[in-house]
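Subject: Structure handover

Hello,

Here is the structure I promised you. Please open it and keep it beside this email as you read.

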Amino acid sequence: MVAYCLWCDGEIKESVSWKEVFGLSQPEVLCGDCREGLEDLREPLCRVCGRSFLDLEAAYRQGDLCYDCIRWEEGEWSGLLAKNRSLYVYNDFLKEIVALFKFRGDAAVAEGFEDNWVKLYQKEFQGTLIVPIPLSPERLYERGFNQAAELARMLPGPICEGLERTVHEQKQSKKSRAERLKLDLPIFQYTGESCIIQDKDVLLVDDIYTTGATVRRAAIVLLESGAASVCSMTIARG
């Protein structure tokens with residue numbers, strides 16, 4: 001039976017392994033070209049945001065922190081985010097795939113990430129309470145689904161959807177860096193209706209980590225509501 005790539009519809013030319021025969025691994029859902037388009041985040045990584053240091057000039061890092069995280073940790077937002085880890089660099093290819101997933105409403109695209117997504121969770125965040133970053137009601141109506149919730153449901157852990165977005169903002173992709181970093185306006189609240197986060201280690205799930213402003217805005221609400229710690233996990237590191 002011929003298999004076709006989930007993303008480009010090209011034929012997947014790969015022999016079946018003995019692990020697939022015995023049900024120990026899942027069959028490939030992406031072709032070789034699409035796999036090659038994904039750029040792994042290679043170590044060493046920034047201790048907090050997970051950015052790769054390999055292509056970062058020495059002037060933009062200090063010890064195990066990148067310059068962005070140094071600024072975060074020196075300000076009033078210090079310590080809010082324990083760490084972020086992401087699967088891939090947000091390169092041009094991944095931007096196209098995220099657009100299919102996020103802006104064009106093709107939720108099935110996320111299945112192409114699932115195997116490595118679950119492995120990252122098991123390696124870095126096993127045992128945490130998973131909280132997807134919510135959309136505003138207006139954005140949810142516009143897209144028809146929450147991409148973060150789709151990603152959260154792939155993970156083998158408990159999910160809490162008690163975090164709500166209270167402000168309908170302009171799309172992050174339309175904002176300048178300075179606009180993204182403005183943290184004076186609360187945009188999330190924790191309702192506490194669907195789950196208990198008291199003394200729990202919480203994992204925020206989203207599609208892209210860019211400046212870290214969104215996850216830190218969410219983290220401060222969760223910590224004030226009793227969470228022991230807050231980390232985040234995303235598909236892409238912008």
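Which residues is Leu204 in contact with, leaving aside its neighbours within four places in sequence? Contact means heavy atoms within 4.5 Å. The residues are Val131, Ile133, Leu163, Val215, Ala218, Ala219, Leu222, Val230, Cys231, Ser232 and Met233.

First, the ground rules. This is a predicted model, where local features need pLDDT of at least 70, side-chain atom pairs count only at pLDDT 80 or more, and totals for chains, interfaces and linings use all residues. Residues are numbered from 1 along each chain as its sequence is written, and side-chain values use heavy atoms, with hydrogens and water left out.

**The sheet**

Helices (H or I, at least four residues) and strands (E, at least two) are DSSP runs, numbered from the N terminus. Two strands pair if DSSP finds at least two bridges between them. Four strands form an open sheet in the order β3-β8-β7-β4, with parallel pairing. Its edge strands are β3 (84-89) and β4 (129-132), each pairing on one side only. From one strand to the next, the twist averages 20°. Angles run from 0 to 180 degrees between N-to-C directions, and axes are lines fitted to C-alpha atoms, for helices over the stretch in contact.

Look at β7 (residues 201-209) and β8 (residues 229-237). Eight bridges join them. Leu204 stands opposite Ser232 in β8. Helix α9 packs on the sheet, touching β7 and β8, and its direction makes about 160° with that of β7. Helix α4 (residues 92-103) lies across β3, β7 and β8, at about 110° to β7.

**Helix α9**

This helix covers residues 213-224. The expected span of a helix is 1.5 Å times one less than its number of residues. Nine of the twelve residues are buried. Buried means under 20% relative accessible area, exposed over 50%, and partly exposed in between (1.4 Å probe, protein chains only). Val215 and Leu222 are among the buried ones. Just after α9, Gly226 takes a positive phi of about 115°.

**The cores**

A nonpolar core is a set of buried Ala, Val, Leu, Ile, Met, Phe, Trp, Tyr and Cys residues joined through side-chain atoms within 4.5 Å. The largest has 35 residues, of which Cys46, Leu163, Ile197, Leu204 and Leu222 touch the most other members. α9 gives the most to this core, with six residues. Another core, of 33 residues, lies apart from it and includes Trp117 and Met233.

**A buried glycine**

Gly162 lies in the loop between α7 (147-153) and β5 (163-165). Is Gly162 buried or exposed? It counts as buried, because its relative accessibility is 0%. Gly162 and Tyr190 are 28 residues apart along the chain, yet their C-alpha atoms are separated by 5.6 Å.

**Salt bridges**

A salt bridge is a side-chain nitrogen of Lys or Arg within 4 Å of a carboxyl oxygen of Asp or Glu. The count comes to eight. One of them joins Lys119 and Asp115 (3.4 Å, N to O). Both lie in helix α5 (residues 114-124), four residues apart. Another joins Arg139 and Glu142 (3.2 Å, N to O). Arg139 is buried, at 10% relative accessible area, whereas Glu142 is partly exposed, at 46%.

Best wishes
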